[in-house]
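Here are some notes for a colleague who is meeting this structure for the first time. Please read them with the sequence and the model side by side.

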Amino acid sequence: MGVFLFISLIFSNFLDSGLTKVNVTEEITMMIPSNFRLMTDDEVASRYFTTKRPIAIYTNEAVIVDLGINKSVTEWIADDLEIMVSFQKSNIYNFYDQIEMMSQGIKEVNGKKAAYFEFISTVKPDTQSFRAQSPVKKYTYIQYMIVGSHSWVFNFTSPVQLQAEWQPLLADIMNSIEFIKKKK
């Protein structure tokens, strides 16, 4: 009876959290918010300046909260995680005008090491613009995992005003990432 109650409580937490398990690729599963959907090519092109489409990028109904998954072309080995973290941290600080780092570190996710950065970024408006614009502030949680010879990037971004809503769910989302060995 006690085991049944324990399993019911765990299962109900997943139901209450509004998360759904998805197969991101043949080798990756993870929980994502139930109301998220894959972005269209046009949405990706209008929001992200990249020559190569990410492996997957999910968004909410309002198309303002995103969860992206991508694989780097740079080859790494698992022992290089700490070295990769220093490069990525430098990239984060160079990419934005201002960073408020909330947490960072290395943790284990389903038997694999993962580096993470949680921060609020600010991008200041272009001073040469004819339009008056306010700085853009975003809440971001980025997690890196080296699997095989590549690093995988799991990137969650929302407007800073929605941080309190999304921050509690991120542990469930990012800790649910699972790499499945391909069957031969």
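1. Strand β3 and strand β4 (residues 56-59) pair in the antiparallel sense over 2 bridges, and within β4 the bridge partner of Leu-38 is Tyr-58. Strands here are DSSP runs of E of at least two residues, and helices are runs of H or I of at least four, numbered from the N terminus; two strands pair if DSSP finds at least two bridges between them.

2. A word on the source: this is a predicted model, in which local features need pLDDT of at least 70 and side-chain atom pairs count only at pLDDT 80 or more, while totals for chains, interfaces and linings use all residues. Residues are numbered from 1 along each chain as its sequence is written, and side-chain values use heavy atoms, with hydrogens and water left out.

3. The pairing of β3 with β4 belongs to an open, antiparallel sheet of 7 strands, in the order β3-β4-β5-β9-β8-β7-β6. Its edge strands, each pairing on one side only, are β3 (37-38) and β6 (98-109).

4. Strand β9 pairs with β5 in the antiparallel sense over 7 bridges, with Thr-157 of β9 as the bridge partner of Asp-66. Strand β8 is joined to β9 by 10 bridges, again antiparallel, and there Gln-143 stands opposite Phe-154 of β9. The β8 and β9 hairpin has 2 residues between its strands, and Gly-148 takes a positive phi near 70 degrees in it. Of the 10 residues of β9, 8 are buried (under 20% relative accessible area with a 1.4 Å probe, protein chains only; exposed is over 50%, and partly exposed lies in between).

5. Helix α3 lies across β6, β7, β8 and β9, running at about 10 degrees to β7, whereas helix α4 (residues 163-174) lies across β5, β6, β7, β8 and β9, at about 160 degrees to β9. Axes are lines fitted to C-alpha atoms, for helices over the stretch in contact, and angles run from 0 to 180 degrees between N-to-C directions.

6. Is Thr-122 buried or exposed? Thr-122, which has its place in strand β7, counts as buried because its relative accessibility is 7%. Leaving aside neighbours within four places in sequence, the residues in contact with Thr-122 include Tyr-96, Asp-97 and Pro-135.

Conventions
Contact = heavy atoms within 4.5 Å.
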